[in-house]
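User: I would like a close look at one part of this protein. Please keep the account brisk and give the cut-offs.

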Amino acid sequence: MRKRILGDGLEVSAVGLGCMGMSEFYGPGDDAESLKVLDRALELGVTFWDTADMYGPFINEELLGRSLKGRRDRVVLATKFGLERRPDGSRAGINGRPEYVRRACEASLKRLGTDHIDLYYQHRVDVNVPIEETWGALAELVAEGKVRHLGISEAAPATVRRAHAVHPITAGQYEYSLFTRFPEDELLALFRELNIGLVAYSPLSRGILTGTVEVDALAADDFRRHNPRFQGDNLAQNARLVAAVEELAAAKGVTTGQLALAWVLAQGDDVVPIPGTKRLRYLEENAAAESLELTAEDLAALEKAAPADAVLGDRYPDMSHLNR
């Protein structure tokens, strides 16, 4: 597995691992299987692991903490704060207050069983707290050595500039895939101006780009059942686009998901996808995509097969917490 550099010098595996689905949102988890996936990720060189305190809530960080014992130095560990949840799983809202930033960081460090977080993201922007105050608290955590690098997720470009002026942003985590192209409108140019890496979550568009998702077969608590892209006419149109990508993948002798991940990797050395999985098979498939080189003709064919404006449906049922 080759490496890529985010921002001001954070070296990560070119393909990372999103760990959210091991604990919530994609049906029931299996800790024993997830721990095997994490073991295999290290063997494959997939050492950039992504979690958040709200996944579970809390239990995803605890799971990673169990896996990290005795080998913390082999992983570049990213977690997030800001989408506050209570122990019973209920949501307390978006919280960017300085005192909460510190409290959330201390709790994450304890659950992860570590003395530092390599990349600490503000998960969502709290519009009731000036971003300068939130990032002032984050800068203090860096000065104390509890956090090595800072990131931001789904923030508006103007907010990114304001946060970066307080403390350099190493990475922005945004949804980015062949089906989700909004970062190309303004964010990528801004990130390159400011030397910020782009960490692409949902690079397979929540699995739809694998061509294997059957909505009716999803677990009752799988949040994709309520995702607009998986509904009715939206799903029918998006499935037609996936079928066109499948033809291109078959011609290259790779899976549809691998081709879609290779497309993300081809968008620049400062772009790092973090496909999520809790299955060994898909982990290995995703990791292998890193060695797939796409030609200019391949990229043009993918643009034709899945034009940016052809995908139907919002990314979330409620988009109000994004671009703030």
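Which residue forms a salt bridge with Glu 144, and how far apart are the closest N and O atoms?

Analyst: Glu 144 forms a salt bridge with Arg 102, and the closest N and O atoms are 2.7 Å apart. A salt bridge here is a side-chain nitrogen of Lys or Arg within 4 Å of a carboxyl oxygen of Asp or Glu.

This is a predicted model: local features need pLDDT of at least 70, side-chain atom pairs count only at pLDDT 80 or more, and totals for chains, interfaces and linings use all residues. Residues are numbered from 1 along each chain as its sequence is written, and side-chain values use heavy atoms, with hydrogens and water left out.

Helices (H or I, at least four residues) and strands (E, at least two) are DSSP runs, numbered from the N terminus.

Glu 144 is partly exposed, at a relative accessible area of 41%. Arg 102 is also partly exposed, at 27%. Buried means under 20% relative accessible area, exposed over 50%, and partly exposed in between (1.4 Å probe, protein chains only).

Two other salt bridges give context. Arg 315 forms one with Glu 175, with the closest N and O atoms 3.1 Å apart. Arg 315 lies in the segment after α10 (296-305) and Glu 175 in strand β10 (residues 171-175), so this bridge ties together parts 140 residues apart in sequence. Both Arg 315 and Glu 175 are buried.

Arg 224 and Asp 222 meet in a salt bridge at 2.7 Å, N to O. Arg 224 counts as buried at 10% relative accessibility. Asp 222 is buried too, with a relative accessible area of 2%.

Back to Glu 144 and its surroundings. Salt bridges that share partners join Arg 102, Glu 106, Glu 140, Glu 144 and Lys 146 into one network. A search of the whole structure finds 26 salt bridges.

Over residues 15-305 the chain is 41% helix and 15% strand, and the end C-alpha atoms are 24 Å apart.
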